[in-house]
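Subject: Handover of the structure and what was found in it

Dear colleague,

I am passing the structure on to you here, and my notes follow below it. Please read them with the model open beside you.

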Amino acid sequence: MQAQFCAVIAATAVMLGTATITAHHAWNTVFSEDKPLVLKGTVAKVELVNPHGWIWIDVKNPDGTVTKWGIEGGPPNGLIRNGITKDSLKIGEELTVRGYGSRDGSNLVAGVQYERADGKAFFLANEGAEATAKARGNLK
Amino acid sequence: MRQTTVAALAGAVLVVVLLPAAGEGQGAGQGYTAPRTKSGQPDLNGFWQALNTAHWDLEAHDAAAGPILQLGAAYAVPPGLGVVIGGPIPYKPDALAMKKKYAANALKEDGEIKCYLPGVPRVMYMPYPLQIVQSTEFILMMSEFATAQRTINMMTNDRPPADTWMGWSNGRWEGETLVIDSRGFLGSTIGALDPEGAINVRFLDRAGNYHTDGLHVVERIRRTGPDHLSYEATIEDPNVYTRPWTISMPLYRRVEPNMQLGEFKCEEFVSDLVYGKYQKGTGQ
Amino acid sequence: MRHRLVLGAACLVLSALAAGAQTYRAPRTPDGVPDLQGFWTNLTYTPFERPRELAAKPFYTEQEAIDFFNRSIAGAQDQIVHYVNGDFGATPVQTGARPNRRTSLVMDPADGRIPPLTPEAQKRQQVLIAADKARGPLARTWRDDRGTVWCVFHDRAVPSVVAPYGSNYHIVQSKDWIVMTYEWNTERRVIALDGRPHAPASVRSYAGDSRGRWEGDTLVVETTNFTPKRTFLGQPGTPPAVDASPALTLVERFTRTADDTLVHTYTVTDAATWTRPWTVELPMHRIKGPMLEYACNENNQDGFAALKNARLEEAGKLAPLEPMRRGDAKAAITQHEESGAAKVIGADDEKK
C-alpha cells in the first residue's frame with residue numbers, strides 16, 4: 001500500500017519506482033472519508049505548531065452541553081510567512097469547519113475548509129492554479 | 001614619580017586579573033571587555049556549558065534518593081547550593097501545591113524524559129554543551145540535547161507569531177551584555193490522541209519547578225573572561241509566581257581542541273517508552 | 001485571506017557554470033567571505049530522476065521549462081481526506097519554487113538517473129524491501145510509521161532530495177562555522193570551517209560530520225561519518241531506500257549566482273553501494289522568514305493514531321483502512337454537504 005504522507009504530486013512527474021521502505025502514515029489512517037462533517041462552533045484555542053497546526057472549537061450539543069473538538073490542519077510556516085499569526089483567529093469567534101471525522105470516533109477532524117462568521121474562507125484562499133502559474137512562470 | 005604611577009597601575013591591573021570569577025554575575029569580570037566579532041559585537045561564539053546542579057533543582061537542595069531503585073547512586077539527586085537569587089522561588093500558594101504534585105509525578109510529567117524540547121532557560125543549564133554561532137542578524141544557540149535550537153532575532157523586535165517549545169527570542173546588545181527577551185512558549189503537549197502521555201506544564205528542572213504558557217524570560221549574557229560567561233535569567237509567569245525571580249550562574253567554555261556537538265537524538269531512545277502501550281513489541 | 005506570492009524576478013535557473021552566474025559577485029559577510037545567509041527553499045516541480053523518454057534531453061528551452069512548471073502547478077492534486085496544501089501556502093510555487101531548465105535534478109550520470117546499485121547493495125536493499133512487505137500495512141512499532149521515524153531524523157535534510165513542501169533552509173554564518181537549519185524536524189547541519197579533521201571514524205551520526213572550505217566564491221562541504229542506522233533516497237519521487245557503506249562521502253558545492261539564488265550541487269560517492277558516483281543540482285531560492293521550530297516528537301498525534309488504530313483494526317474493533325483517494329478535496333467536501341451525507345454538528349436549524 002503506497003500511502004503518501006502530505007504528498008503533492010505533479011501530474012507530469014513520473015512516479016519512479018517504489019518510493020518507500022516503511023509504511024507512511026497518511027491522514028486516512030487517522031480520519032475516514034466515510035465520516036464527512038460540518039462542524040460549527042466558536043474558537044477556543046489556536047496552536048500553530050509544526051507539523052500540524054490545531055484549532056480547538058467549542059461546539060454546542062443539542063442538550064446544551066459544550067464539547068471541545070480538535071481540527072487538525074497543515075503546517076504553519078507558510079501561513080506565518082504570509083502574515084497569519086496565532087491571533088488571526090479570535091478566541092470566541094464563530095467558525096464553521098468542513099472535513100472528515102476520525103476513524104476511532106474521537107472528537108477530531110481533518111479540516112478541509114474553514115469559514116468565518118462573515119462567510120469568508122480562512123487561511124490563504126487559493127487564488128487558482130492558472131492565475132498562479134501565469135504569474136510565476138512568465139516572469140524572467 | 002612616573003615609575004611609581006606605572007607600578008601602581010600595574011599593581012591595580014594585576015589585582016583585577018587575579019580576582020576569582022565569583023558565582024554571582026554581579027561582580028565577577030565586571031571590567032572585562034570581550035573580543036569583538038568582525039561586525040563589532042562582543043564575541044560569544046563557541047561551546048559553553050553549565051557546571052552545577054541547576055538541572056536537578058534550581059533551588060538549594062540536599063542529596064536525595066532518585067526515582068528508580070535500580071539506578072542507585074548513578075541517578076540519585078546530588079546536593080546543590082541553588083542558583084536562585086534571594087531565596088526560594090516565589091510560588092503562588094496553589095501553584096506551590098501543584099509543584100509538589102508534579103514533583104511526585106515527575107516520571108510522567110517531566111518532558112526531559114520523553115526527549116521533549118527543554119525550553120528556556122532550562123536548555124541553558126542542562127548538562128550538555130551549547131554551541132553559540134553568532135551573526136549580525138541572528139544568534140543561534142544549539143544544544144546537544146535533542147538537537148534543541150534557539151534562534152535569537154537580533155535585528156527585529158516582533159511579537160511571536162505562534163507559540164513554540166523553545167520560545168520566540170528577541171535580542172539586543174547593551175554594551176557588553178546580550179539581553180534576550182523571550183515569549184511565546186507552549187505550555188503543554190496537545191495530547192489530542194494520547195491524554196495519558198500528555199504533559200500539562202513545562203518543567204524548569206527535574207524537581208518539578210515549572211512554568212505555563214504565560215512564561216516571559218529576560219536573559220543577560222556576557223563574557224567575564226576568556227573562558228567564562230555570566231548568565232542570568234529573570235523568569236516571570238503570572239499563572240505560577242507572585243513576582244519575577246532571577247537565576248544566575250557562570251557558563252564555562254569547553255576548551256578541548258576540535259570541540260563539536262555530538263548528535264544526541266534521544267527521540268530514538270524513548271519512542272518505545274512513549275508509544276509502548278500501542279505497539280506490538282519494541283522498535284529496537 | 002489572499003496570499004502574497006513573492007513576485008520577484010523569477011529567473012530561470014541555469015547551472016552554476018553558466019555565463020550569467022560568473023558575472024555575479026556575492027556580497028561579503030563581515031568576515032570577508034561570500035554571504036550565503038538567509039532563508040532559502042529548494043522546493044521544485046522538477047523530478048529527481050529524468051523520465052526515460054528525456055534521457056538525451058538534459059535541458060528544456062526556456063519556454064518548455066515555463067510550460068512544464070505551469071503544468072505541474074495545475075496538475076498538483078490534493079488527497080480527498082487532507083487539508084488543502086494551497087490554503088497553507090505550503091505548495092512549492094507558493095513557497096518560492098521557480099521554473100528550472102533542467103529536466104531532472106540528477107545531472108550526472110548523463111541520462112539523469114541514479115546509477116545501478118552494486119550486487120551487494122542490491123542484496124541489502126532486497127532485505128529491506130522484504131522486511132517491509134512482511135510487516136504489512138499495519139504499523140507494529142514506531143519504526144513502521146514513517147512520520148514517527150522522521151521525528152528522529154528527517155533524511156531529506158541531507159543529502160537534499162525532492163519534497164512536497166517545507167524543504168527550506170535557514171543559513172547562518174560565523175567566522176568558523178556555517179549552520180544550515182532544515183525546516184522539517186528542525187534538522188541542523190553544522191559545518192566547521194577551521195580546517196579541523198573529521199571526527200574519528202567510530203563517531204557516526206544521521207546528519208554526518210561536515211567540513212567546509214571556500215574555493216573562490218564556492219563553499220565546498222565534505223560530509224562523512226554517516227551512521228549505518230540511516231538509509232539514503234527512499235523518498236516519494238526518488239529510488240527506493242538503500243543503506244550505504246561507512247565510506248559514503250557527500251561533497252557539496254554552494255554558489256550564490258544572484259541575490260536570490262543559491263545553486264547547490266552535490267556528489268555522492270560510495271563504491272560499495274553505487275557502481276559510480278552521482279551528482280545532483282538543486283537550485284535554492286530566497287524566501288522570507290521566519291522558520292518556526294518543527295517539534296515533531298512533541299506533537300506526533302498522527303503517530304499515536306497510526307499505532308492505536310492498527311491495534312484496534314487487529315482486534316476487529318475498527319473497519320480496515322480504505323485506500324487513500326486523490327481528488328479535489330474542497331469539491332468533495334462541498335458535495336458531501338450538498339448531498340446531505342455530511343453530518344452537521346453544532347448548528348442551529350437555520351440555513352444561510
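Where in chain C does C:T186 lie? C:T186 is found in the loop between strand 4 (177-182) and strand 5 (187-192) of chain C. Please keep in mind throughout that this is a predicted model, and that what follows was computed from it.

Most residues other than glycine have a negative phi, and most peptide bonds are trans. C:T186 is also buried, because 26 other C-beta atoms lie within 10 Å, the cut-off for burial being 20 or more.

With 24 other C-beta atoms within 10 Å, B:T147 counts as buried.

The bond that joins C:D108 and C:P109 is cis, with an omega of about 15°, and C:P109 belongs to the loop between strand 2 (106-108) and helix 4 (119-135) of chain C. A cis bond also leads from C:G289 to C:P290, where omega is near -5°; C:P290 sits in the loop between strand 10 (278-287) and helix 6 (301-314) of chain C.

As for chain C as a whole, it has 7 helices and 11 strands, and its C-alpha trace spans about 70 × 45 × 45 Å along the principal axes. How does its radius of gyration, 22 Å, stand against that of a compact globule? For 352 residues a compact globule would have a radius of gyration near 20 Å, so the value of 22 Å for chain C agrees with that expectation. Of the 352 residues of chain C, 54% count as buried, and if one takes the contacts in chain C with a separation of 6 or more, 68% of them are between residues 24 or more positions apart.

In chain B, the feature to look for is a closed barrel of 9 strands, which runs in the order 1-2-3-4-5-6-9-10-11 with mixed pairing. Neighbouring strands of this sheet are turned against each other by 30° on average, with direction ignored. Within chain B, strand 5 (residues 168-174) and strand 6 (residues 177-183) pair in the antiparallel sense over 7 bridges, and B:G171 has B:I180 in strand 6 as its bridge partner.

Leaving aside residues up to four places away in sequence, B:I152 touches B:F138, B:I139, B:M141, B:S169, B:G171 and B:I180. B:I152 is buried, since 22 other C-beta atoms lie within 10 Å. Its C-alpha atom is separated by 13 Å from that of B:R220, a residue 68 residues apart from B:I152 along the chain.

Turning to chain A, strand 2 (residues 54-60) and strand 3 (residues 66-72) pair in the antiparallel sense over 7 bridges, with A:W69 in strand 3 as the bridge partner of A:I57. The hairpin of these two strands has 5 residues between the strands, and in it A:G64 takes a positive phi near 95°. Strand 3 of chain A also pairs with strand 5 (residues 108-116) of chain A, here in the parallel sense and over 3 bridges; the bridge partner of A:E72 in strand 5 is A:A110.

In soluble globular proteins, nonpolar side chains tend to be buried together. The largest nonpolar core has 172 residues, and A:L39 and A:V109 are the ones that touch the most other members. Not counting residues up to four places away in sequence, A:V109 touches A:L37, A:L39, A:W69, A:I71, A:V97, A:G99, A:Y100 and A:G101.

Lastly, there is the contact of chain A with chain B, to which chain B gives 6 residues and chain A gives 10 residues. On the side of chain B that touches chain A, the residues divide into 5 nonpolar, no polar and 1 charged.

With best regards

Note on methods
Residues numbered from 1 in each chain as written. Chains lettered and ligands numbered in written order. Predicted model: local features only at pLDDT ≥ 70, side-chain atom pairs only at ≥ 80, totals over all residues. Pairing = 2+ DSSP bridges. Helix = DSSP H or I, 4+ residues; strand = E, 2+ residues; numbered from the N terminus. Axes fitted to C-alpha atoms, helices over the stretch in contact; angles between N-to-C directions. Contact = placed C-beta atoms within 7 Å. Nonpolar A, V, L, I, M, F, W, Y, C, P; charged D, E, K, R; others polar. Rg over C-alpha atoms; globule rule 2.2 N^0.38 Å. Buried ≥ 20, exposed ≤ 12 C-beta atoms within 10 Å, placed from the backbone. Core = buried A, V, L, I, M, F, W, Y, C linked by C-beta atoms within 7 Å.
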